[in-house]
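Thanks for coming, everyone. Today I would like to walk slowly through two parts of one model, so please have a look at it before I go on.

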Amino acid sequence: MVAPAPAAAPAPAGTDTPATPLRFGYGTNGLTDLRLDDALALLADLGYSGVGLTLDHMHLDPLAPDLTTRTRQVARRLDRLGLTATVETGARYVLDPRRKHGPSLLDPDPERRAARVRLLLRAVQVAADLGAHAVHCFSGITPDGTTDATAWQRLGDALTPVLEAASRAHVPLAIEPEPGHLLATLADFHHLRELLGSPEPLGLTLDIGHCQCLEPQSPADCVRAAAPWLRHVQIEDMRRGVHEHLPFGDGEIDFPPVLRALSATGYQGLTVVELPRHSHAGPQLAFRSLEFLRRAERLAGSPPPAGEAPPRGGTP
């Protein structure tokens, strides 16, 4: 198994010089029309460094029998292909076939909350068995009739056993600020961190598109602000105020400054393309996305040549 590199080694404040080569991955939630073996082979052939592996019924089903055996098979496959992984838990209907992303960690029913906790505990074990960089998760939407104080208490209580398991497994738990959720912003992440007493395994998934969508700072400034807690990165294009994951060039983000800032932090985990609504064109978008990101990374390292526009506002 390829051993994961340390997640981050923040650069001194104020630095913005490319220092660490970035390692790009692609999310299997954007390749759901492919068998997992075929998806992994595609990403390796294209030149990706890794994969954001969403545990779902078609890709390493976390609820089907023999999870340990199947995980070992995936670990061997990743090793043969030279890929590393992060484990993502954003499958839409893996726990409830009728409610998208249900149940959440905020569900009023303690038994339903416990089902989400069990999924995260399984994800931590899968990540440990794969040698993955991190386990991704999110808070969920605050249910109707639930106060903020109650929602934050539920979230903290639900995450406590997961963080304990992550600590034992030496796998960071990287929670993602998600538009519309209780934990929606970087400020909300810090609120949770302080609520829980800054546990060492608790890290951050930073989605670059979400920064463009709703954070007050630019995406590059969000990267710099998040650097000490950065354990997983998702990347796609997006427009201000619209939570829609877009192929690169179809939104508003200026990517070279973002990649320059990310490299300067010393982040060594995966930067995973997140296009969950584009599986119908997954192989083509995986190819185009890596070309785009490599070009943006080159431009991040030096001023663009005269007459060459940075990669934004159109697909290269």
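Let me begin with a definition: a residue is called buried when its relative accessible area is under 20%, exposed when it is over 50%, and partly exposed in between, using a 1.4 Å probe and protein chains only. What you see is a predicted model, in which local features need pLDDT of at least 70 and side-chain atom pairs count only at pLDDT 80 or more, while totals for chains, interfaces and linings use all residues. Residues are numbered from 1 along each chain as its sequence is written, and side-chain values use heavy atoms, with hydrogens and water left out.

Helices (H or I, at least four residues) and strands (E, at least two) are DSSP runs, numbered from the N terminus. In helix H5, residues 186-195, the buried residues are Leu-186, Asp-188, Phe-189, Leu-192 and Arg-193. Viewed down the axis of H5, these buried residues fall within an arc of 155 degrees (taken from the directions from the helix axis to the C-beta atoms), so they line one face of the helix. The face of H5 turned away from that buried side carries the exposed residues Ala-187 and Glu-194. Among the elements that cover the buried residues, by contact (heavy atoms within 4.5 Å), are helix H4 (148-169) and strand S6 (202-207).

Now to the second part. Leu-42, Leu-43 and Leu-46 in H1 meet Pro-283, Ala-286, Phe-287, Leu-290 and Arg-294 in H9. H1 and H9 are roughly parallel to each other, a term that counts for angles under 35 degrees.

Technical notes. Parallel < 35°, antiparallel > 145°, perpendicular 65-115°, else oblique.
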